Amino acid sequence: MGQFKMKLKLKCETYDINHPDGSDKVYKSIVLHNKLTVLLISDPSAASNSAAMSVKFGSFDDPSDMQGLAHLIEHMVFSGSTIDGGENDFKDFVGMHGGDVFANTEPEYMGFSFTIVKDHFKAALEIDEPLMDIERFKKEMKTLNSEFESNKYKDTSRMEQLFSHTSPENHPFNRFTWGNNQSFSGHEPQALRDCALKLFRSHFVGASMKLVIIGSEAVDELEDLVIVYFSNLKRWRKTNFVFPEYNDRLWKHGVSYTLESLEDAQKSEGSLCFFFKSKHWITSFTAPVGHRYDPCWIGGNLGGGYSFA
Ligand SMILES: [Zn+2]
């Protein structure tokens with residue numbers, strides 16, 4: 001695909017960056033005084049507005065005696081934040097206005113995004129700092145535990161646990177990133193909450209975050225919104241996790257582990273998967289999640305989702 005240049009504004013200086021040719025979208029990238037890097041995309045055909053933020057903070061930053069705390073902080077950002085001066089939970093507010101939220105925690109970063117109808121986008125950008133209210137915090141601890149309980153028998157979760165369990169004790173992989181009642185049991189909820197707030201305030205700062213905004217407004221209008229709602233972020237950046245030098249083997253040579261799938265047991269008699277397998281037509285079955293109007297999603301279900309024997 002052809003490329004053409006666009007200007008990146010960094011304070012008073014401009015830099016060239018590339019973006020795809022043949023699109024009627026207009027792009028602009030700015031860096032605020034607090035070092036928050038922002039990509040603004042004006043898309044005249046956008047039916048709603050969206051924002052996505054990545055934060056350089058993840059499970060590797062968990063205190064070793066509070067494993068899963070980063071994941072809990074991720075939950076608190078959307079489930080423990082309010083809007084309208086405390087009138088509504090952020091997640092409920094977005095849901096009430098035809099939108100959706102998504103968040104994920106990875107070892108070295110977190111991602112947050114939401115989509116909402118244009119008329120309520122500005123209000124959604126007014127999201128407050130998570131309250132870290134102790135009762136909400138305890139509620140999210142329960143949510144996290146149930147999340148783990150309902151996912152722990154999935155083959156991917158079990159592989160992750162095996163991966164962590166068998167890596168050397170002093171290696172960053174040797175940790176439990178999900179978080180559950182057991183991993184939090186060494187501390188009172190109040191102590192966990194205080195630590196979560198401290199971590200949030202020191203890592204959710206301009207220099208550690210990158211933001212993308214998409215809307216049908218002109219880029220200059222989107223830029224004004226960002227300046228209004230994100231200029232008050234602190235700039236200071238705390239030192240994040242740094243992957244240490246590690247020269248030893250991750251696993252012992254010649255040792256193999258067998259992890260029998262439990263998922264076949266869940267795809268029991270009466271299911272579509274069971275039926276296809278009984279005919280020896282497939283060996284596995286996946287159901288990709290995507291936008292329901294996206295032709296790739298339909299193709300994925302009709303073809304790509306099956307592995308034929
Ligand atoms: Zn979660």
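Of the contacts in the protein chain with a separation of 6 or more, 67% are made by residues 24 or more positions apart. The model is a predicted one, and its secondary structure comes to ten helices and twelve strands. Among the 309 residues of the protein chain, 21% count as buried.

**Confidence**

- The protein chain has a mean pLDDT of 80, with 81% of its residues reaching 70 or more.
- Confidence is highest in strand S5 (residues 49–55), where the mean is 96, and lowest in helix H10 (residues 295–304), where the mean is 30.
- Residues 1–14 have a pLDDT below 50, although the model gives this stretch 25 contacts beyond near neighbours in sequence.
- Another stretch, residues 289–309, stays under 50 in pLDDT, and here the model has 26 contacts beyond four places in sequence.
- Where pLDDT is low, the predicted coordinates should not be read in detail.

- Helix H1 is mostly covered, since ten of its eleven residues are buried.
- These buried residues are Leu69, Ala70, His71, Leu72, Ile73, Glu74, His75, Met76, Val77 and Phe78.
- The buried residues of H1 pack against helix H2 (90–96), strand S8 (100–105), strand S9 (110–116), helix H4 and helix H6 (189–203).

**How H1 packs with H4**

- Two packed helices are described by the angle between their axes and the distance between the axes.
- Helix H1 (residues 69–79) and helix H4 (residues 134–151) pack at an angle of about 120°, and their axes are 10 Å apart.
- H1 and H4 are therefore oblique to each other, and their crossing is right-handed.
- On the H1 side, the residues that take part in the contact are His71, Leu72, His75, Met76 and Ser79, which meet Phe137, Glu140, Met141, Thr143 and Leu144 in H4.
- By type, the residues of this contact between H1 and H4 divide into five nonpolar, four polar and one charged.
- An α-helix has 3.6 residues a turn, so residues three or four places apart point the same way.

**A loop residue with a positive phi**

- Lys35 lies in the loop that links strand S3 (26–31) and strand S4 (37–42).
- Although Lys35 is not a glycine, its phi is positive, at about 75°.
- Lys35 has 16 other C-beta atoms within 10 Å, and it is therefore partly exposed.

Key. Residues are numbered from 1 along each chain as its sequence is written. This is a predicted model: local features need pLDDT of at least 70, side-chain atom pairs count only at pLDDT 80 or more; totals for chains, interfaces and linings use all residues. Axes are lines fitted to C-alpha atoms, for helices over the stretch in contact, and angles run from 0 to 180 degrees between N-to-C directions. Helices (H or I, at least four residues) and strands (E, at least two) are DSSP runs, numbered from the N terminus. Angles under 35 degrees count as roughly parallel, over 145 as roughly antiparallel, 65 to 115 as roughly perpendicular and the rest as oblique. A crossing is left-handed if the near helix is turned anticlockwise from the far one by less than a right angle, and right-handed if clockwise. Two residues are in contact if their C-beta atoms, placed from the backbone, lie within 7 Å. Ala, Val, Leu, Ile, Met, Phe, Trp, Tyr, Cys and Pro count as nonpolar, Asp, Glu, Lys and Arg as charged, and the others, Gly among them, as polar. pLDDT is the predictor's confidence in each residue, from 0 to 100. A residue is buried if 20 or more other C-beta atoms lie within 10 Å of its own, exposed if 12 or fewer, and partly exposed in between; C-beta atoms are placed from the backbone.
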